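Colleague: I'm new to reading models like this one. Could we go through it together, one question at a time?

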Amino acid sequence: MRVALALGSGGARGYAHIGVIEELHERGHEIVGIAGSSMGALVGGLEAAGRLDQYTAWASSLTQRAILRLLDPSLTSAGVLRAEKVLEAVREILGDVTIEQLPIPFTSVATDLITGKSVWLQRGPVDDAIRASIAIPGIITPHVLDGRLLADGGILDPIPMAPIAGVNAELTIAISLNGDDPTGPAEIESRPTAERWNKLWRNTSASILDTKAARSLLETPSARSWLDRFGTAGDDETTADTAEAADATEVRAPKLGSFEVMNRTIDIAQSALARHTLAAYPPDLFIEVPRNVCRSLEFHRANEVIEIGRELGAAALDTLGTSEP
């Protein structure tokens, strides 16, 4: 079958897109159009260029420490991560290729932060289109392209169905990365504490800075402020004592660090936008990847999340009776 894909946004959960694509290839289906937002744009661009296998092999080899180095942290830019080192690796895999040269029509969706409008990138270098779409608000710095300040496509279009509406396909598939846990209420991710990030930074800093310089950097107020963006400091004894003294039957709201608050806010907004998109452009097949599969920045879990994508893709395709090409 001729298949058109709308690949949704959702950080590291986007590895699940790879699993679905692998399942489609294994069953002999032909992908004839791709639109992607954020991580969906990255995976979609690589698939359209015929380079997804190389990227998958590279991503599957990454450790947590390697990811930390590649995310290229910044204390002064408009996002806490520049992510340029990741894009350098992607550029090496892609080569010097433009969207017009791709064998599969591809649309990378970004958001113009000045006009507040969704932008479809269908011309120009593939790496620029990907870089613009993956700029998660507050996390990865926005990208300037053709005089526009562009950020994550998922801000306005978390499941970009409209760009594939005109594709000559027998089957349209939309993949959401913000599904609820099918076994029960969605769990809120446990917050990564500032102390946890501090420890990880110290363990990794030898690859970036000398030990003395790294320690000096991490002890500055700016660095502490950066770490606190990802969560509050670890619970102290006073907090623990207070919790023990509280009425055991009292229902208390979960404690969220600042990163978790921002992450949940984005997820909620994107889920609402996705419902409107799917109502206007209903796909033939809708695949939901649970939000609790992994945290947004756990890019070291590629193998695990790819396999989950394969399983979800296989189950969904089986419901359509498309097991055989």
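Predicted model: local features only at pLDDT ≥ 70, side-chain atom pairs only at ≥ 80, totals over all residues.

Colleague: How much space lies in the largest cavity?

Modeller: Residues are numbered from 1 along each chain as its sequence is written, and side-chain values use heavy atoms, with hydrogens and water left out. On a 1 Å grid over the protein atoms alone, a cavity is a set of points where a 1.4 Å probe fits but cannot get out, and its volume is the space filled by probe spheres set on points joined across faces, edges and corners. The largest cavity holds about 220 Å³.

Colleague: Which residues are the closest to the centre of the largest cavity?

Modeller: Lining residues have an atom within 4 Å of a cavity point. The lining numbers 17 residues, and the closest to the centre are Met-39, Leu-42, Leu-71, Val-86 and Phe-299.

Colleague: How many residues of that lining are nonpolar, polar and charged?

Modeller: Ala, Val, Leu, Ile, Met, Phe, Trp, Tyr, Cys and Pro count as nonpolar, Asp, Glu, Lys and Arg as charged, and the others, Gly among them, as polar. By these classes, the lining has 15 nonpolar, two polar and no charged residues.

Colleague: Are helices H1 and H3 oblique or roughly parallel to each other?

Modeller: Helices here are DSSP runs (H or I, at least four residues), numbered from the N terminus. The axes, lines fitted to C-alpha atoms over the stretch in contact, with angles from 0 to 180 degrees between N-to-C directions, come within 12 Å for H1 (residues 15-26) and H3 and cross at roughly 135°. Angles under 35 degrees count as roughly parallel, over 145 as roughly antiparallel, 65 to 115 as roughly perpendicular and the rest as oblique. H1 and H3 are therefore oblique.

Colleague: Which residues of H3 does H1 meet?

Modeller: Contact means heavy atoms within 4.5 Å. From H1, Tyr-15, Ile-18, Ile-21 and Glu-22 take part, and they meet Leu-52, Tyr-55, Thr-56 and Ala-59.

Colleague: And how are H5 and H6 oriented to each other, roughly parallel or roughly antiparallel?

Modeller: The axes of H5 (residues 84-94) and H6 (residues 126-133) come within 10 Å and cross at roughly 150°. H5 and H6 are therefore roughly antiparallel.

Colleague: How many charged residues are in the contact of H5 with H6?

Modeller: Glu-84, Leu-87, Arg-91 and Leu-94 in H5 meet Val-126, Asp-127, Ile-130 and Arg-131 in H6. These divide into four nonpolar, no polar and, for the charged class, four.

Terms used: 1 Å grid on protein atoms, 1.4 Å probe; cavity = no way out; pocket = protein on both sides within 12 Å on 5 of 7 lines; lining within 4 Å. Helix = DSSP H or I, 4+ residues; strand = E, 2+ residues; numbered from the N terminus.
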